[in-house]
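Biologist: Before we start, please show me the model. I would like to ask what stands behind each term.

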Amino acid sequence: MLYIPGNNPAMIQQGGVYGADSILLDLEDAVALNQKDAARTLVRNMINVIDFYDAEVCVRVNHLSTPFGLADLEAIVPLQPSAIRYPKTESGEEVAELLKIIEQIEDRHGLPHNKMTLHAMIETAMGVQNVFDIASKFDRVDAITIGGQDLTADMNIVYTPDGAGIDFARKRIVMAAKASHIDVIDTVFPDVNDEEGLRRETEYAKRIGFTGKAVINPRQIEIIHDVYTPTDEEVRKAYRIVKEFKINSAAGIGVFAIDGKMIDAPIVTRAEYILRLANVTVG
Amino acid sequence: MKPKIAAQSGTFESSDVIFLIEPRPDNSGRKLEISSTVMQQFGANFNRIIVEMLDQYDMTDIHLIAKDKGALEPTIKARFETAIKRSLDEQEGTLK
C-alpha cells in the first residue's frame, strides 16, 4: 500500500505506475493544516480520472474530531473509492458513529452501503486495547492497520528499528484481524535509504501474520513484493499438497503423508493460501 | 460577483498550477495574466478552462494570475476552485 500525499498532483497522477497493490491518497498527516481544503478538492477531482491500473484506491480522511473529517467524508464518500481509511480508531462505538455518517452521505447520493469498505487504523494505546471490537463487529471493516509512528507517540516512547515498543500491539492487532478474517497491514518503514532494514521488518511482519505492508516511497514496493511473493519452491510444494489432498479426499482419506511428513487440514489450508497468492489453481 | 479577499492556491511544482486572485474595483471587469510552461501545446485549452470556471462562478471584477507547470485539467479545476472559495472566504474544513 503506497501512501501518496493528497496535495501533490504529480505524485497522484503517477501513483499507479509503480506496481503497488493499493494506493492510499492521504488527506491526513501528509497534508498541512492550512492546505486541507486544497488537498480534498484535488483528490476529489483526481480520484476517478487518473488511471491507477489494478491498484485498489483508498483515501485516508481526517478524524471526525478535527475540523476536517466531516468535510473529507462529504467530498470523498460520493466517489466511492475502494475504501476509506480512518485514522486513530479507538473503539467500536467510534466505528459505528463513522459508519452512520458514511451511510447518511451514501443515502443522500443514492449509493449502496456495501460497496466501499473501511480500513481502521490502530494508532493509540486505546485503539490497541479495543482492536477486536473494531475488527470484528462491522461487515464494512475489511482491514485493520497499525500506525507505528503515532502509536509510539501516544505511548510516549521512541520508535526503534527493532520495533520493540510496538511488538505487543502488532501481535494483538494481527490476532484481532485473524479472528475476524480480515486483512491486516503493517506500518510504514520510515527510513527509505535502509533497504536491508525494510526487508528485515517486512519478513518479521509476514512471519507474525501481517498480510501486507504500507510504504511511503515507491522504492520500497519491490522489496515488500519480494518478501510476500511465494517462492517457486513454496508454490510447487503447495501445489503438490493440494493436488494430493484432492486425490486422497476423493478416496475418503483425510490425513496422508508426503515425503514422510503428515499432511492434515491446517497444512492444506496454508498451501491453498500460498496458491491464492501465486494465482495458481489446481486442476 | 467579485472576490472578497486576495487568495491563492496551488504550487510552483511540476504538474501543478498556482492561482493568485484579488478583487478589482466594481465594474472594472476581469484582468487575467496567464502563463504556462506548455502554453504552445496546451495554452488554448488552459485559457478555455479558466474562462469556463470564471463564468461558472460568475466572477466579474477579478484580477487572476495563473502560472501553470503542466497541470492536468482536474488539477487546474481543483486549484481554481480552491482559490475562488478562499477568495470568497468560503473554504470549509481547513485552517486559514
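Modeller: B:Ser15 is found in the loop between strand E1 (7–9) and strand E2 (17–23) of chain B. Helices (H or I, at least four residues) and strands (E, at least two) are DSSP runs, numbered from the N terminus. This is a predicted model, in which local features need pLDDT of at least 70 and side-chain atom pairs count only at pLDDT 80 or more, while totals for chains, interfaces and linings use all residues. Residues are numbered from 1 along each chain as its sequence is written, and chains are lettered from A and ligands numbered from 1 in the order in which they are written.

Biologist: Why does B:Ser15 count as partly exposed?

Modeller: A residue is buried if 20 or more other C-beta atoms, placed from the backbone, lie within 10 Å of its own, exposed if 12 or fewer, and partly exposed in between. B:Ser15 has 18 C-beta neighbours inside 10 Å, so B:Ser15 counts as partly exposed.

Biologist: What is the phi of B:Ser15?

Modeller: Phi is near 70° there, a positive value in a residue other than glycine. Most residues other than glycine have a negative phi. B:Asp89, in the segment after H2 of chain B, also has a positive phi, near 60°.

Biologist: Why is B:Asp89 called exposed?

Modeller: B:Asp89 has 11 other C-beta atoms within 10 Å, and is therefore exposed.

Biologist: What makes A:Ala120 buried?

Modeller: A:Ala120, in strand E5 of chain A, has 29 C-beta neighbours inside 10 Å, so A:Ala120 counts as buried. Leaving aside neighbours within four places in sequence, the contacts of A:Ala120 include A:Tyr86, A:Val95 and A:Ile144. Contact here means C-beta atoms, placed from the backbone, within 7 Å.

Biologist: How do you know that both faces of strand E4 (residues 83–86) of chain A are covered?

Modeller: A:Ala83 and A:Arg85 on one side and A:Ile84 and A:Tyr86 on the other are all buried. In a regular strand the side chains alternate between the two faces of the sheet.

Biologist: What joins E4(A) to strand E5 (residues 117–122) of chain A?

Modeller: Two strands pair if DSSP finds at least two bridges between them. Four bridges join E4(A) to E5(A), and the two run parallel. A:Ile84 stands opposite A:Leu118 in E5(A). Strand E3 (residues 56–60) of chain A is joined to E4(A) by three bridges, again parallel, and A:Cys58 has A:Ala83 as its bridge partner in E4(A).

Biologist: Which hand has the β-α-β crossover from E3(A) through helix H3 (residues 69–76) of chain A to E4(A)?

Modeller: That crossover is right-handed: with the strands pointing away from the viewer, the path from the first strand over the helix to the second runs clockwise. E4(A), helix H4 (residues 92–108) of chain A and E5(A) also make a right-handed β-α-β unit.

Biologist: Which are the edge strands of chain A's open sheet of eight strands?

Modeller: The order is E1-E2-E3-E4-E5-E6-E7-E8, with parallel pairing. Strand E1 (2–5) and strand E8 (212–213) are the edge strands, as each pairs on one side only.

Biologist: How many residues does each chain bring to the contact between chain A and chain B?

Modeller: Chain B brings 20 residues and chain A brings 18. On chain B's side, helix H2 (residues 73–87) gives the largest share, seven residues.

Technical notes: Two residues are in contact if their C-beta atoms, placed from the backbone, lie within 7 Å.
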